[in-house]
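Please open the structure in your viewer and keep the selection tool at hand.

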Amino acid sequence: MRHSLKSNYIYNLLYQMLLMLLPFVTTPYVSRVLSPGGIGAVNYTSSVVSIAVLAAALGSGLYAQKEIAFAAENLEKRSRVFWCVFWIRVTASVMVFIPYAFLIYFSVDYRGLYIVQLITILANMIDIVWLFQGMEDFKKTSLRSIIVKLSSVAAVFLFVKNQDDLIIYAFINSLSIFVNALIMWAYLPGAIQWTKVSRRELRHHIKPILVLFVPMAAIYVYTYVDKIILRMLSTEEQVGFYSQAERIVKLSMTVITSLANVMLPRIANLIREKQWEKVTLDIRNAIHFVFFLGFPMAAGMAVIAPLFVPWFFGAGYEQCISLIQYLSVLIIIISLSSVTGQAALLPLNKQGTYTFSIIAGALTNVVLNVIFIPKYEAVGAVMGTVAAECVVEIIQWCTVSKSMKLSASEIVRDNIKPFAGAGVMTTVLILIRPFFPETMISTVTFGVIGVIVFFLCMCILRDNFVQVVRRQIVNLLTSGRERVGK
């Protein structure tokens, strides 16, 4: 049964908001307990482990999500897709264990961290979240993730007490991922049936999975390799500064990018039903949603950083202020590319363009990292990341705009109001910032003022998104009064 896009987004948004809020509880504690060097060591090894996870997953997650969406209510077809993808992932994971064992053996300094993070590879092997995402059932995936995530946060406060607990911290993170994946198997009997698949069926799926593996590999290059290069050409402390700044910026954009996760199966279904006008309308609305939240979030992040970093990370993390300000533009760029790439190009079967854009971005990132990191350290990594994301989005937009007959002038007209509102908000915040000290309460108050100013501007300008929200609230209140009257 198809679930509504609105309910799917709400469930996914709840989990993404939790992911965004929990670091505001754990990061100040962990940053002080483990120090920049410890944070850098964990993020460096996690980046290396993520490459192993990538090789084990191949690119099957997005592919399976799309194919299961195409299967719709056909239980047999859905089951065959599931078992083919699952056995491919198991085989790839087993093959990854061999080189990973050599990594553990030869990495003396990080051996303990690599051993406990082996659990992450096991978790990826048994993870079947892509099945329920393809079925547009985000309730199961979101609620179980919320419970596990809260438990892992409690474990961090209970067991991570000083710098000697670095491995314990890594173990808690890896174990939570494994438990998260394991729980989903309890829902499997109601979703698919046991089906024996042939080698021919497996081979049928391998090629398109490998096609998606190429862009996924490229994504990992400029998501994780920058930290590896930064560690090779700089220090663990620089990795720590860059990782913390990047984490804050990317966490803030999860509210926006979570939309792409629920749109992919929906767009795939609309394409299967040949509802092309609805496809174009949904993409256009999604782009407006990106800019409506992206403009004020990016501007607000840059303005608020000097107040936020000192009390949040503690002493020694001052360099994160400028890094967050530089990286804040990624909120808009990555959120937009999540729509043009994952939510548009993949369901349109334009995987070639998607792959080319990601490879171009990855090459841009690696080249600029090698050039700029030796001189600028963490700032050099920022320069490479921002440039790479711009390259990706430019290539994707050129194809999506042509395929869906979207013009840049139309998009500008759709989004001039949130841009103007964000400009007014930024001006106000810059003028009043000298009156706010570097404390938690002051920062929250400062942020709330920014939100109020922006939404007042949107109400005055009568932005379409605000009008939709207003109608929804009026409908809820009206239906509530009717129920009370009965």
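Contact, in this tour, means heavy atoms within 4.5 Å. The model is predicted, and for that reason local features need pLDDT of at least 70 and side-chain atom pairs count only at pLDDT 80 or more, while totals for chains, interfaces and linings use all residues. Residues are numbered from 1 along each chain as its sequence is written, and side-chain values use heavy atoms, with hydrogens and water left out.

**First stop: R89**

Select R89, which is found in helix α4 (residues 75–106). Helices here are DSSP runs (H or I, at least four residues), numbered from the N terminus. Leaving aside neighbours within four places in sequence, R89 is in contact with A56, A57, S60, G61, N124, M125, D127 and W130.

Buried means under 20% relative accessible area, exposed means over 50%, and partly exposed lies in between (1.4 Å probe, protein chains only). A salt bridge is a side-chain nitrogen of Lys or Arg within 4 Å of a carboxyl oxygen of Asp or Glu. For charge, Lys and Arg count as positive and Asp and Glu as negative; His and the chain ends are not counted. R89 is buried yet has no salt bridge, and the nearest side chain of opposite charge, D127, is 4.6 Å away.

**Second stop: the salt bridges**

How many salt bridges does the model contain? The count comes to 5. Select R80 and E201, whose closest N and O atoms are 3.0 Å apart. R80 lies in helix α4 and E201 in helix α10, so this pair ties together parts that are 121 residues apart in sequence. R80 is partly exposed at 26% relative accessibility, and E201 is partly exposed at 23%.

Next, select R284 and D414, a salt bridge with its closest N and O atoms 2.7 Å apart. R284 belongs to helix α13 and D414 to helix α18, so the pair joins parts that are 130 residues apart in sequence. R284 counts as partly exposed at 28% relative accessibility, and D414 counts as partly exposed at 23%.

Then select E246 and K227, a salt bridge with its closest N and O atoms 2.7 Å apart. E246 is in helix α11 and K227 in helix α10, 19 residues apart. E246 is buried at 5% relative accessibility, and K227 is buried at 6%.

**Third stop: the aromatic rings**

Rings of Phe, Tyr and Trp (its six-membered ring) pair if their centres lie within 6.5 Å; planes under 30 degrees apart count as stacked, over 60 as edge-to-face and the rest as tilted. By this rule there are 27 aromatic pairs. Select F82 and W185: their ring centres are 6.4 Å apart and their planes stand at 70°, so the pair is edge-to-face. F82 sits in helix α4 and W185 in the loop between α9 (166–183) and α10 (199–233), 103 residues apart. F82 is buried, with a relative accessible area of 0%, whereas W185 is partly exposed, with 25%.

Now select F295 and F419, an edge-to-face pair with 5.4 Å from centre to centre and 75° between the planes. F295 is in helix α13 (residues 276–313) and F419 in helix α18 (residues 408–432), 124 residues apart. F295 is buried, with a relative accessible area of 17%.

To end this stop, select F82, W83, F86, W87, W185 and W194, which ring pairs link into a cluster.

**Fourth stop: the nonpolar core**

A nonpolar core is a set of buried Ala, Val, Leu, Ile, Met, Phe, Trp, Tyr and Cys residues joined through side-chain atoms within 4.5 Å. Which residues touch the most other members of the largest nonpolar core? Among its 133 residues, they are F82, L131, I287, F313 and I324. Helix α13 gives the most to this core, with 21 residues. Select I287: not counting residues up to four places away in sequence, I287 touches L336, V339, W397, L406, I411 and N415.

**Last stop: helix α14**

Select helix α14 (residues 319–327), where C320, I321, L323, I324 and L327 are buried. The buried residues of α14 pack against α11 (236–252), α13, α15 (330–345) and α17 (378–403). C320 has a relative accessible area of 0%.

Definitions and conventions: Helices (H or I, at least four residues) and strands (E, at least two) are DSSP runs, numbered from the N terminus.
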